[in-house]
Amino acid sequence: MAAKRTPLMAGNWKMNLNHQEAVVLVQKLVWTLSDKRHDYAKAEVVVVPPFTDLRSVQTLVDGDRLSIKYGAQDVSVHESGAYTGEISAGMLAKLGCSYVVVGHSERREYHAETDAVVNTKAHRALAAGMTPIVCVGEGLEVRQAGQQVEHCVAQVTGSLAGFTAEQVAGLVVAYEPVWAIGTGEVATPDDAQEVCAAIRASIRGSLGDEAADGVRVLYGGSVKAANVAGIMTQPDVDGCLVGGASLQAEEFAGICRFYDMPVL
Ligand SMILES: O=C(CO)COP(=O)(O)O
């Protein structure tokens, strides 16, 4: 019997909220979750603020012993040294980050990140003791050509190169179709399941059951409290990577409590 995967709801704030606003949002989020008696065993809750907010979030989470975790939106491929503007995995680990998002479609698109770059970043994060959230996803033309499965499986294969089965069992992959990000165009639960299942199957084929049954595969793209429950009914979807809706405490708390939301 495969180990049960704890659902994961991660809020990617992107380039929004300064460190003062970050503290307000985290406090509101935690208060809302505790008011609604959120069960953290039913969904792990993670916020992913900009780098400049991380120290304030760390102080709040540690000081108040909050049950949420936090992560960073990116990490350098380099370990340290003369790389102006870069942030190393060691710096993020020191700030208490549990997760690092790597290969988000916005970084692949605006910063020309390849699978090889994403792979190096994922290795840096893991080596520093953090869990990479490795993002993949197809653009509209790929989807219209019906090539989404092949495209995403190839991205996963390249981005996870060199990891052992045991390591992959602890990783997170996020499937985010680019055409559904920030557009209000949510993939149907069946669309999400199709690609998430194919990603898991390809990991099973290359690394075996331990990796495939352990790795958590998230869906991302216009997730809201109103549509999360339907997405989470799918057997290969283990959580969501949420953009816009994670900037509102009530809305993101509703997403984290997907198990209490109606399936529309
Ligand atoms: O890119 C995303 C999360 O990383 C998804 O963003 P939206 O939820 O705003 O569509």
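Which residues in α1 meet which residues in α2? The close-ups below start with that pairing, and they all come from a predicted model.

**Close-up A. Helix α1 meets helix α2.** From α1, the residues taking part are His19, Ala22, Val23 and Val26. Their partners in α2 are Ser56, Val57 and Leu60. Sorted by class, this contact of α1 with α2 has 5 nonpolar and 2 polar residues, with no charged residues.

**Close-up B. The axes of α1 and α2 cross at roughly 30 degrees.** Here we step back to the two helices themselves, α1 spanning residues 19-35 and α2 spanning residues 54-63. Their axes come within 8 Å. Because angles under 35 degrees count as roughly parallel, α1 is roughly parallel to α2. As for its hand, the crossing of α1 and α2 is right-handed.

**Close-up D. Tyr83 sits in a loop between a strand and a helix.** The loop runs between β3 (69-72) and α3 (89-94). Is Tyr83 buried or exposed? Tyr83 counts as exposed, because it has 12 C-beta neighbours inside 10 Å, and 12 or fewer is the cut-off for that label. Leaving aside residues up to four places away in sequence, Tyr83 touches Ser76 and His78.

How values were computed. Residues numbered from 1 in each chain as written. Predicted model: local features only at pLDDT ≥ 70, side-chain atom pairs only at ≥ 80, totals over all residues. Axes fitted to C-alpha atoms, helices over the stretch in contact; angles between N-to-C directions. Helix = DSSP H or I, 4+ residues; strand = E, 2+ residues; numbered from the N terminus. Parallel < 35°, antiparallel > 145°, perpendicular 65-115°, else oblique. Left-handed = near helix turned anticlockwise from the far one by under 90°. Contact = placed C-beta atoms within 7 Å. Nonpolar A, V, L, I, M, F, W, Y, C, P; charged D, E, K, R; others polar. Buried ≥ 20, exposed ≤ 12 C-beta atoms within 10 Å, placed from the backbone.
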